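Work through the exercises below with the model open. Each task is followed by its solution.

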Amino acid sequence: MDSPPGYDSRVWRALAAELGVLGVAVPDEFGGAGAGMRELAVVFEETGAALLCAPLYATAGLAIPALLASGDREAMADLLPGVVDGSTIATVVFNDALTAWDPAAVTLTAHRTADGHRVNGSAATVLDGHNADLILVAARTGAGLSLLAVRADAPGLDRRPLAGLDRTRRTARLRFDDVPARLIGADGAAEPWLARTYQLGLTALAAEQVGGAQRCLDMAVDYAKHRIQFGRPIGSFQAVKHRCADMLVAVEGARSAAVHAAEAADGHGDLPTAAAVAKMVCSDAYLQAALDNLRIHGGIGFTWEHDAHLYVRRAKAAQLMFGGPDLHAQHLAELIGTPGKS
C-alpha cells in the first residue's frame, strides 16, 4: 500500500495468470471461466478478508460487468482477453465522484469527430484511475447517455493520484481535454447497462465487506482467547463475550444479504432491491465489526504494528463508496413502496 502504484505487480500477475481470478465471471469465448456472480463473490469475500491491495474491484467488479452489460461483442472480443489475463487494468467512471449512481449526475460529455469520439470534463474520484490502462467512461453525447473506452496513453488525459482514508485502495482525479475515445455499444443507450453495472458493483462490494467483517471477528475472538488480564483471558469477561456475539450476529446477517444479492445477479431474484439491501446491511456490519475488533485489541489496535486500524479505514471508506446505508435505505423504500403512501 505504500508503493506508488499501490499494489504488487507479481501478485496481480499471479491472480490473473495462475488463479484466473479476473476471468471468473467472463464467458469462455472471451478467455474466462464462464461462471457467475455467486462464484465471483467468493473471490471478493476472500480478497476482502485479506485486505488485498490491488485494482481487482475496479477491474473485475466494475469494468468487466460494464463491458458484458453493453452487449458489444466486438468491443468484448477486443478488450476482455487483455483484462482477463491481467495485462490490462480497467476501471469505470460513472460520474464525477464515487457517489450513488444517478444518470442526472453524469457531467462528462462526448462529441463525434471524423475519427471517433472525444471526451471532455473531469472526474474528482476514480477507483484506480492512475493505474488503469483502460477507462470506461459514462458521458453525454447528442444521442443521450453513452459508454466510451479511453486508453491511458490517450492525448489530453490528465491523471493525479489522491490521498485517502483507505490506503489499501487507490483513487485518482482524472481530467479529460478532448480525449479520443471508442464508443461502446449503441450511442445514447448506456443508461440501463450502467445501472446494472452499478448494481453488480454493489454486490461485489458487499461480498468484499463480508470477508473483511469475518476476518475482524476472527481476529477479535482469537485475541480475546489469548490476551490475559487479571490472570484470565479477556474473552472470559462478559462485556467482551457479548461484543463478540453481537459481531457474529451482524456478520452472519450481512453474509445472508450478500449471498442473496449474488444469486439475484445470476437471475434468481430482484437485483436492484437485493443490491440495495446488501450494500446497506454489509456496510454497517463491516464497520461495526472493524470498530469492535479495534476496541477488543485495545491500544495495540491503533498502532501501525497491527492491521486492525487498516480494516477500520477500509470499512469506513467502503461504507461511503457509492452511497451510504441511509441513501440505500431510502432507495430501497422507493423500490418497494412506502406503506400508506398512494
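Helix axes here are lines fitted to C-alpha atoms over the stretch in contact, and angles run from 0 to 180 degrees between N-to-C directions. The model is a predicted one.

**Exercise 1. Describe how α3 and α4 pack.**

Step 1. Take the axes. Those of α3 and helix α4 (residues 73-84) come within 10 Å and cross at roughly 165 degrees.

Step 2. Classify the angle. Angles over 145 degrees count as roughly antiparallel, so α3 is roughly antiparallel to α4.

Step 3. The crossing of α3 and α4 is left-handed.

Step 4. List the contact residues. α3 supplies T59, I64, L67 and L68, and α4 supplies M76, L79, L80 and V83.

Step 5. Sort them by class. The α3–α4 contact has 7 nonpolar residues, 1 polar and no charged.

**Exercise 2. Which residues make the contact of α2 with α6, and how do they divide by class?**

Step 1. Start with the geometry. The axes of α2 and helix α6 (residues 238-265) come within 8 Å, crossing at roughly 140 degrees.

Step 2. Name the residues. From α2 come M37, R38, A41 and E45; from α6 come R255, V259, A262, E263 and A265.

Step 3. Sort them. The α2–α6 contact divides into 5 nonpolar, no polar and 4 charged residues.

**Exercise 3. Characterise the aromatic pair F44 and Y57.**

Step 1. The whole structure holds 6 aromatic pairs.

Step 2. Read the ring geometry. F44 and Y57 lie 6.0 Å apart, centre to centre, with 80 degrees between the planes. Planes over 60 degrees apart count as edge-to-face, and this pair is edge-to-face.

Step 3. Place the residues. F44 sits in helix α2 (residues 37-50) and Y57 in helix α3 (residues 56-70), so the pair ties together parts 13 residues apart in sequence.

Step 4. Check accessibility. Both F44 and Y57 are buried.

**Exercise 4. What kind of pair do F94 and F322 form, and where do they lie in the chain?**

Step 1. Locate the partners. F94 is in the loop between β1 (90-93) and β2 (109-113), and F322 is in the loop between α8 (308-320) and α9 (325-336). The pair links distant parts of the chain, 228 residues apart.

Step 2. Buried means under 20% relative accessible area. F94, at 4% relative accessibility, counts as buried. F322, at 2%, counts as buried too.

Step 3. Widen the view. F94, W101, Y198 and F322 form one aromatic cluster.

Note on methods. Residues are numbered from 1 along each chain as its sequence is written. This is a predicted model: local features need pLDDT of at least 70, side-chain atom pairs count only at pLDDT 80 or more; totals for chains, interfaces and linings use all residues. Side-chain values use heavy atoms; hydrogens and water are left out. Rings of Phe, Tyr and Trp (its six-membered ring) pair if their centres lie within 6.5 Å; planes under 30 degrees apart count as stacked, over 60 as edge-to-face and the rest as tilted. Helices (H or I, at least four residues) and strands (E, at least two) are DSSP runs, numbered from the N terminus. Buried means under 20% relative accessible area, exposed over 50%, partly exposed in between (1.4 Å probe, protein chains only). Angles under 35 degrees count as roughly parallel, over 145 as roughly antiparallel, 65 to 115 as roughly perpendicular and the rest as oblique. A crossing is left-handed if the near helix is turned anticlockwise from the far one by less than a right angle, and right-handed if clockwise. Contact means heavy atoms within 4.5 Å. Ala, Val, Leu, Ile, Met, Phe, Trp, Tyr, Cys and Pro count as nonpolar, Asp, Glu, Lys and Arg as charged, and the others, Gly among them, as polar.
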